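Trainee: Could you help me learn to read how helices and chains pack together?
Mentor: Gladly, let us look together.

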Amino acid sequence: MGEENVPASIVQFAQLDKLLNLGRANSLWPMTFGLACCAIEMMCTGGSRFDISRFGAEVFRPSPRQSDVMIVAGTINKKLELAVKTLYDQMPEPKWVIAMGNCAICGGPFKVKENYNVVEGADKLFPVDVYIPGCPPRPEALLEGIMMLEEKITGKRRWPRVQPG
Amino acid sequence: MTVPVHLRHDETFVLNLGPQHPATHGVLRVKLTMDGEYIVKAEPVLGYIHRMHEKMAENGTFAQFMPNTARMDYLHALAFNHGWALVVERAAGIEVPERAEYIRVITVELNRIASHLLWWAAFLLDLGGFTPLLYAFDDREKIIDLLERVTGSRLTYCYLRFGGVYNDIDDEFIAGTRDFIKRLRGRMPRLYHDLVTHNIILIKRIKDIGFVTAEQCRRYGATGPVARGSGIDYDIRKNEPYSVYPEFDFDVPVFTEGDSMARYMVRMHEMEQSMRIIEQALDKLPGGPVMGKAPKVLKPEAGYYYSAVETARGSLGHRLVCNGDKNPYKLKLRSPTFSNLSLFGEVAEGMLLADALAFMGSLDLVIPEIDR
Amino acid sequence: MGLVEQTQAALAELFPEPALPAAPAGEGDQEAPPRQAGVVVTDAARHGSHLDVLCRPDQVVAVARVLDQDGYFLEAISGVDWLDKGQFEVIYDYNRLGGEHCRVTVRALVDRNEPAVPTISGVFPAADWHERETFDFYGIRFQDHPNLIRILLPEDADFHPLRKDYMP
C-alpha cells in the first residue's frame, strides 16, 4: 500500500495533500484487534508509562468504520480469517495495517510441521504496511512501528532514529 | 438467579457478540437469542484462537513445550510454566533444590498479583471506567520490571526449567520486591478501594448480579475465584499442596454470596494474601543452587501422570501420558477458564445484556487458555 | 474409613472381579499380564491420582453416578490414541471441591474403528463441552450427547487432528 490514488484532476493541491497526510499520520486511530498475548503489550502501550497518546493514537475504536489503522496483534486462525478479512474490508480508505508480533508476521511459534489451524501471517489476507517482530514485541517496539508508519505516510520522520551501540 | 420475566419465544432475535468486541477479553463469540434486552439463550462459540498446543506437545520434546505454556494464559504465564515443570518432574523423578522452589513461589505470586491487577483494569474498562486501567497498569509495570530483571521477558515467561529455574535472583530484585509491596499496600486503600470498591456505581452494577451456587460450581467443574466466591473453600495450594506452599501462613478468602461482587472481593483479598506469601518467602529464602540435576534427554517412565496448580483463574491440570519416549505421548491441558465459562450458558438466561457482560467480566476469562 | 477407602468401596461394587496391579501405559502386553477391569490404588505423590479405575465403555455412566453421589466433580476428559493397539482410551478425572483431597482417574478403552462411548453429561453438565472437545480431536462419538458438534475447530472441518495418523 505504498502508492496513493491521486484523483485525476486539472488542479492538484500538493500542499493540501501534504497537510492532510500530516494530519492523518499524527492521529492514527487504531482498531481494537487484540487477539492474543500481543494485545496485552498493546494495552501497556496505551497505559501511562509508554503513552501512545503522545502520537495521537490512544483512541482505540471498537468499530472498524471509525478507525484508520488495524493493528493485528495476535494469531489469525482458519476459523477467524473470514472475520478478519471482513473487518479489513469494512475499514474506510485510507487505511493501513500494522502486523504486530511474530504470529501476525508469519505464524510465529505456530508455524510448525503439524500446523492445521493457524494462518501463517496477516499478509496472506491483506497487504501489510509495517511489521513489528517480537513475541511479544515491547511497547517501545510498537511505538517505533507507529513512527515508521508515520514516516511512510508523510515521507518524513519527526523523531530521531535510535542508533545501535 | 434469573430475573423473572415473561419471555416470548416467538419474538426473539439472534445477536452475535464478538468475536471482535471490546469486552470479550479476546476472541470469544457468544450467540445470544434475545427478547429485547433480555437474554433468552446464550451459547459461547469457541475456537477462534485455537493454536494446537496439544498437537505441538506430541511432536516436540518435553523441554520444547515450555514456551508454549506461557502463550496459553499469558497473564499468569509462570503458573502455567510451573504446572508443566511439576508434572514432568513427578514423572521423571527430578528433585528441585529448596532455593529454586522459593524463587518459583515468589515469582509465581508476583505474577498472580499482576494478573489480578490486569483483571481489575479490564473489568472496570468493560463497565465503562477508564481511569482504573491507568492506575493498575502503573503498578503492573513495576512488577514487570522486577520480573524482567530475572527472567528476561515482560509477558510470556519461559523461566522455569525441569529441576529449578535458570537464573538466580539478586539483592536488587529482593529490595525492589519489598519496595513494591510497600508501595502497593500504600496505594490499595485510596486508589483501589476508596475510588472503585466503595464506588456506588460499581456496587449497583455488580452486586446481586450473576448468582452462581456452589452446586452449579460442582456440576460444571468451576474452580478458583469463581468457586471461592460461591462459598467453596477450595485452593490447590492448601488442598493439594505442591512446592513449598505448606511452609507459608496465608488465608484463602472465601465469600458466600455467589454474586459478581463476591468474586471481585475474593480477587482483591487474594492480592493481599499473595503479598503476605512473598514477604514470608523473602524472609525465609535459603541459599544454595537454583538448578537440580536433570538428564539432557528426558525419557520419563511410561505411565499416567497428573499435576494441578492454582493459577489466578482456577485449577490448571496437566494430564500427561508417557510411553517411555522422549516426546510426551499425550498431553491434555485442563484449562480453568474452560470449565468456568461452561456455566455462562446456564447463568446468563434471563439476564439483561449489560448485566451478562458484567458477569462475564467477573469470571475473568482469557480466551487463548480456553482454546489452547 | 478414610475418603479414599470409602470411594474405593463404593466403586468396587460395580466391579465384582478382583483387580490385578495396573499395567503401565504402552507396555501392557509384554511385561505383565493385562489388567482386568477394577479399582486400583495408585501413588498420589507420583501419579497425581489416588484411585485408578479401568472400566468398559458401558460402565462409565454408572461410575459417574457413584462419584456424583459421593460429591466429586468432573475435572477433565481426555482422549488418547493408541494407534498400534487399535484402540482409543478415554480418561475421566474426578476430584473433590474442598475438604479432603482424592482424585479418581477412570479409563475406558474403545475400538478405534467404531469409537462410541455413552455420554455422562446427564450426570455432570461439565462433560458437555469436554466430550465435544474429545469428539473434535479424536472422532469418538458420545451416544445421547445433547449437542455433539465441533467446539474448537471450524464447524466444516473434516479431520480429527490429534489422531496419531493425522499430519496436515
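Mentor: Let us begin with a definition: angles under 35 degrees count as roughly parallel, over 145 as roughly antiparallel, 65 to 115 as roughly perpendicular and the rest as oblique. Axes are lines fitted to C-alpha atoms, for helices over the stretch in contact, and angles run from 0 to 180 degrees between N-to-C directions. Helices are DSSP runs (H or I, at least four residues), numbered from the N terminus. This is a predicted model, where local features need pLDDT of at least 70 and side-chain atom pairs count only at pLDDT 80 or more, while totals for chains, interfaces and linings use all residues. Residues are numbered from 1 along each chain as its sequence is written, chains are lettered from A in the order in which they are written, and side-chain values use heavy atoms, with hydrogens and water left out.

Trainee: At what angle do α5 and α6 of chain B cross?
Mentor: Helix α5 (residues 131–151) of chain B and helix α6 (residues 171–197) of chain B cross at roughly 170°, and their axes come within 11 Å. Therefore α5(B) and α6(B) are roughly antiparallel to each other. Contact means heavy atoms within 4.5 Å; residues making it include I143(B) and L147(B) of α5(B) and F180(B) and L184(B) of α6(B).

Trainee: And how do α11 and α14 of chain B pack?
Mentor: Helix α11 (residues 260–284) of chain B packs against helix α14 (residues 353–362) of chain B at an angle of about 25°, with the axes 9 Å apart. That makes α11(B) and α14(B) roughly parallel. Among the residues in contact are R263(B) of α11(B) and F359(B) of α14(B).

Trainee: How much area is buried between chain C and chain B?
Mentor: Buried area is the accessible area (1.4 Å probe) that two parts lose on being put together, summed over both. Between chain C and chain B, that is about 4100 Å², with carbon and sulfur atoms giving 55%. In chain C, R46(C), L97(C) and W129(C) lose the most area to chain B, together 18% of what that side buries. The contact takes 51 residues from chain C and 46 residues from chain B.

Trainee: What about chain A and chain C?
Mentor: There the buried area is about 670 Å², and the contact takes six residues from chain A and twelve residues from chain C.

Trainee: How many salt bridges are there between chain C and chain B?
Mentor: A salt bridge is a side-chain nitrogen of Lys or Arg within 4 Å of a carboxyl oxygen of Asp or Glu. The count between chain C and chain B is seven. For example, D93(C) and R319(B) meet in a salt bridge (2.5 Å, N to O). Across the interface of chain A and chain C, the rule finds zero.

Key:
Helices (H or I, at least four residues) and strands (E, at least two) are DSSP runs, numbered from the N terminus.
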